[in-house]
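Hello,

Here is the structure for your set-up work. My notes on its charged side-chain pairs follow below.

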Amino acid sequence: MSAIHIVRDYPHPPQKVWHALTDPALIPLWTATGAGARPEGFATTVGTTFKFIAKPKPGWSGVVRCEVLAVRAPSLLRYSWQDEAGGEITEVAYRLEPHDHGTRFTYDHTGFTGAGGFFMAKILGTVRAKMLTKGLPALLNNLDDQGNLRPHYPRSPDHL
């Protein structure tokens, strides 16, 4: 079985990182460095079904179906992840913990099987690493202490 495991430390409190990761208006701003996914119907409530909608690519509609499996704000979000066309159901987990006057964020995407799963994990892993090293830090640096975007920060993900 293949998996994606990424750990990043951010010089921001866990509540601020949690807000950036879970506010539907902010998610497209940090995912823009990848496929630019925006959540549709997302809420941090167990049982919520939602979609991530990104730019379609050849062979992919750009839509992923998800269901929130576990929430413990501001430290855990776990959800299922399945391509709209079907296929295996995998699982994504965000884990946040205080670390060195900031937050350690652990991203895990597990459940990829077979050769296709191996390649999917490699492709998605590269995209996720970019989002978590470029997109999320840029967004976090431009949120004020209340979690609001600073006035000069573009409201569109096209700037990344």
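Subject of these notes: salt bridges

The count comes to 5 salt bridges. The model is a predicted one.

D9 and R104 form a salt bridge, with 2.7 Å between the closest N and O atoms. D9 belongs to strand β1 (residues 2–10) and R104 to strand β7 (residues 102–112), so this pair ties together parts that are 95 residues apart in sequence.

E91 and R78 meet through their side chains in another salt bridge, at 2.9 Å from N to O. Here strand β6 (residues 90–99) holds E91 and strand β5 (residues 76–83) holds R78, so the pair ties together parts that are 13 residues apart in sequence. E91 has a relative accessibility of 29% and counts as partly exposed. R78, at 24%, counts as partly exposed.

D108 forms a salt bridge with R95, and the closest N and O atoms are 3.5 Å apart. This pair links distant parts of the chain, with D108 in strand β7 and R95 in strand β6, 13 residues apart. Which of its residues is buried? D108 is buried, because its relative accessible area is 15% and buried means under 20%. R95 is partly exposed, at 37% relative accessibility.

Regards

Conventions. Residues are numbered from 1 along each chain as its sequence is written. This is a predicted model: local features need pLDDT of at least 70, side-chain atom pairs count only at pLDDT 80 or more; totals for chains, interfaces and linings use all residues. Side-chain values use heavy atoms; hydrogens and water are left out. A salt bridge is a side-chain nitrogen of Lys or Arg within 4 Å of a carboxyl oxygen of Asp or Glu. Helices (H or I, at least four residues) and strands (E, at least two) are DSSP runs, numbered from the N terminus. Buried means under 20% relative accessible area, exposed over 50%, partly exposed in between (1.4 Å probe, protein chains only).
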